[in-house]
Amino acid sequence: MAAPIALGATVNEARFISALLATACALPASAATYTFVVAGLGGEPAYEQKFREQAAAVAGAAETAAGSTNNVIALSGDAARADAVRREFKTLASRMNANDSVVIVLIGHGSFDGENYRFNLPGPDLTDTDLARLFDELPARDQLIINATSASGAVIERWRKPKRVVITATKSGGEKTATRFAQYWAEAVASDAADTNKDQIVTAAEAYAFANGKVEAAFKAETSMATEHARMEGDNSARFTIARLGTAALAPDNPEVAALLTQRGTIEQDLNRVKEQKASLPDTQYYDQLEEVLVRLALLQREIDAKVGGGATP
Amino acid sequence: MMTRTATLVLLLLGTTAGAQSIDYDPRRAVELRSCDEHRYRGRTEQARTCYTKLLESQTPIVEAEAAWALGDIQRANQIFRDAVQSNERAVQPRVRWARLFLQTHQYSDAADLFNEALKVFPNDVHAKLGLASVYAERFEGQARPLVEDALKQDSDLVEGHLLTASMDLEEGQLDDAEKALDRAMRVVNKDKLPPLEVYTLRASLEMSRGGNPDQWIKRILDYNPRYGAVYQQLAHFEIMRRRYKEATVLLRRAVEVQPDLWAAHAELGSNLLRLGIVDEARTHLQAAYSGDPYSPTTVNSLRLLDRIDEFSISEDPVVIGPDTYQVRLRLHKKESEILRPYVLDLTGRSIQSFTQRYGFKPRETVTVELYPDHDDFAVRVAALPGIGLLGVTFGYVVAMDSPSSRSTSEFHWGSTLWHEMAHVFTLELTDHYVPRWLSEGISVFEEWRTGPTPGVVVPPEAIAALEKKQFLPVADLDSGFIRPSYPGQVQVSYMQSGLVCLFIEQRWGFEQLGALLRQFDGKRTTAQAIEATFKIAPAAFDKEFDAFVRNRFQTVLANFEDWQKQQGAAGQAIQKQRWADAIEPARRAVALYPEHVGGDSPHLMLAKALDKLNRRPEAIAALEAYHRAGGWDPLALRELSRWLDEAGRAQEATDLMVSLNYSDPLNADVHSQLGERLLTAGRAEEALREFQALLALNTLDEAPAHYGMARALREMGDKAGSRRHLLDALATAPHFKPAQALLLKMIEERT
């Protein structure tokens, strides 16, 4: 895996450990992750409430992941006006540097008239061009942008940029029905359901796979025609941590653990080597080798847990 | 008036075997008749020469009829269209043009043209007959009054008598069919018309009575040795009675006698598909396509066959006592791993139940096919998409919608399978002679009595029909299925048939239902079977049944308006979230009509309101009553399961969740929760099944399913299997702590 993640001015070693739990890679100590969530105009009370709740869930998870409320900005309801969004982008830009990461989440309704995408806000909307300019002005090069609105697919090519991952709820500007993607994205960051490798860290890759799968399943269960098809552009979305769960969020400061985690990284590499040989090894040999590596990993994890104080889940 | 530009399908001379292959229209031009005579006698070449000459006729209608007879449908269409457009008040060209549409299965256009002709001349009997034929083709109830009206005007209309006889035969009214055929024959003899159609229906009547139709077939083939339509027509009535094997024999004979009878090839192909004989079906469908490439039914069936590789086939033995039955499942590959255990289990249970209850043991492999795309299912059973059925049984072959083809709240696939499996028994026990009403009645009755959602569920539409005295006499009950005369009558007929079976069980005992079923050996009508079994006349049976059903539903019948009012009041209160206001009307609605367990059931409203008011024990009781009455909504039952759990009734909660697999088997959460519950309850084998389904369903997150299987197999003593799945779980999710803990425990135990 490549480098990432949630390190900031307020970062402590615990979060550094947590980052390693996910990646087993060292990071520039100054890197931090900032999150900006905007819930746009609902148009009717039910949507207003839903968007607000989704934004709160995403922002809450980002705060837990960052270990601080300082790295997270959330705007919703009447506060989410275009001028406020512009102002907060400026605030955000002033706090970060090029090594930082930023996660931007847009929730609500969008529209596309064939030329311009508009993010619906109270008062004047923001167009795809307005938003692109705001993103470009952020110093952080590592950017994850999640546009969960209707018609969001219209922006995916326009916002594409090196080191930027763009996720949209729809495949094009033509999918104009209110979307469900944000609801499942919020679910992904608020529980362990999306954490498929069980490392207690939810990455953007995991959350995308989860939300996408849930949207598909929802339409299938209703036997209705799917009105949204999510897309993701950009490489290595797994480098973005968007939620930390359980001990990954609570791990104490302990330099010994860092050494153990380095060891664990080595074992994980061994594991990957065994897995790569699955097709070429006889079954018995494959499982024997797998067991040997996994036992080593489990024993080491027991040690880490004892030091961190998390303990194995019964 | 119409300015139709529709393209008609191209048919060849002698291939247009529909309901009527002889043109009895007395207004037919004289110069056509000598050509017709050659055609009716099977002298194809002479007929062709004769009609070809008439293509030069100066009379447009004659030219059009000649072109039609020669198979040049486009030319006939063009001439009829010009004739109609040049004279807005032309009746006969309009009727003939409509006939052309009727013969090429374009029923809506045909009906429009017949109606236009009737606007110009309301008393035109041929337009009335044509319209009645359209209705009859679509099995619509208006056919009968219209044909009766035409015959009142002109009792010499051969086609009117033939149409009446045909409908009588379809509905099993054999004596009435005979009378209609006698009247037709008198006119045929008097006017020296070709007798082929009358003989054909005579043969069908003979066969319907269990006799031998050979004497009529001989007469027909003596008259026209290439008249394959007689076999096609006999096959049609066999298919109507769901005697598919017998129909296959006849259709094979039809194409032997007349190899270019493409409609018979098509029907033979469809029928072979019903019997699961796929390769031969494809051969005949391809033959049909070569002669008639425009038939939508043929094209649809061939397209479905092109995708047959998307389905996987398994064959498993089902052992019941000393007997072993074979069950073949044809499931779509994308869901076969998930559904197979549940479909096999339920099929096996249904065989166990029905062999015991009806004393019949299946003699062939039972095939169950599930289609995730409803249109594929519709094409499979009727060769046309868009039909509203959920399942169909062709003897030992059951085809039905898969749970993924419909919303979980509107389709209980387990009940549908149970219903269809009951048909396997009623059809095969009677060699397919069981009348439609009794086969459907027993299937509905078995859903109520022994199915996965027991409870006598009768929807408001059936109660309303009972109130309006729309239930049919038992001897005529088949007509409610075959030719409904009001919207919703088919559904009402299902319910009435089920209630008749319930009545028999209550009045004479369950054994007598089986005794009645065994009466149907091809020689008895419903009326005769009722008399023979219960020793009472059908009219007396109807009277007792009416008293029974009115007594059973007396409360709701006496208070139907009040029930509607209470139901409405409860619904409104729920909508406005005035929970306290919902309780009394919902309770009253439940008390008046507890059998209503549909989506707007008052049971559900009552439970919701009680729960919102923190009266959980009463809410549980309300949902339990709903479930006991046959309610199965997966959302409601999941909620009940949760409530039971919270109330410390874990065992009942688990059992309730097990039942959800027969309505909502594609729900990963249900399998996951159920697997855990069953493991906790020590039911490892069942838990394994749930985790296997979870693995097949949840490809994104495989670790919990593997881990569940590892634990279940461990409980079952399969250490090697357990280890393998545990390692698979950790290979997917190396940091999965519970799995790591189990791995270390496993190693510790080994050392």
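**Notebook: the contact of chains A and B**

I looked up the contact first: 30 residues of chain B and 35 residues of chain A take part, contact meaning heavy atoms within 4.5 Å. This is a predicted model, in which local features need pLDDT of at least 70 and side-chain atom pairs count only at pLDDT 80 or more, while totals for chains, interfaces and linings use all residues. Residues are numbered from 1 along each chain as its sequence is written, chains are lettered from A and ligands numbered from 1 in the order in which they are written, and side-chain values use heavy atoms, with hydrogens and water left out.

**Area**

I then read off the buried area, the accessible area (1.4 Å probe) that two parts lose on being put together, summed over both. Chains B and A bury about 2,700 Å² between them. Carbon and sulfur atoms hold 58% of that. On the chain B side, B:His735, B:Lys737 and B:Leu744 supply 27% of the area buried against chain A, more than any other three residues.

I found six salt bridges between the two chains; the criterion is a side-chain nitrogen of Lys or Arg within 4 Å of a carboxyl oxygen of Asp or Glu. One salt bridge joins the side chains of B:Arg723 and A:Asp288, at 2.7 Å from N to O.

**Elements on the chain B side**

I checked which elements give two or more residues to the side of chain B that touches chain A: they are helix 37 (703-715), helix 38 (719-732) and helix 39 (737-750) of chain B. Helices here are DSSP runs (H or I, at least four residues), strands likewise (E, at least two), numbered from the N terminus. Helix 39 gives the largest share, nine residues.

**Domains**

I noted the domain assignment, whose bounds come from an automatic or database source. Chain B has domain 1 (1-154), domain 2 (228-306), domain 3 (309-472 + 500-511) and domain 4 (667-751). The C-alpha centres of domain 2 and domain 4 of chain B are 50 Å apart. Chain A has domain 1 (13-248) and domain 2 (254-308). Their C-alpha centres lie 33 Å apart.

**Positive phi**

I looked at two residues other than glycine. A:Lys163 has a positive phi of about 65 degrees. A:Lys163 sits in the loop between strand 7 (142-147) and strand 8 (164-168) of chain A. Its relative accessible area is 43%, partly exposed; buried means under 20%, exposed over 50%, partly exposed in between (1.4 Å probe, protein chains only). B:Asp431 has a positive phi near 55 degrees. B:Asp431 lies in the loop between helix 20 (413-429) and helix 21 (436-449) of chain B. B:Asp431 is partly exposed, at 41%.
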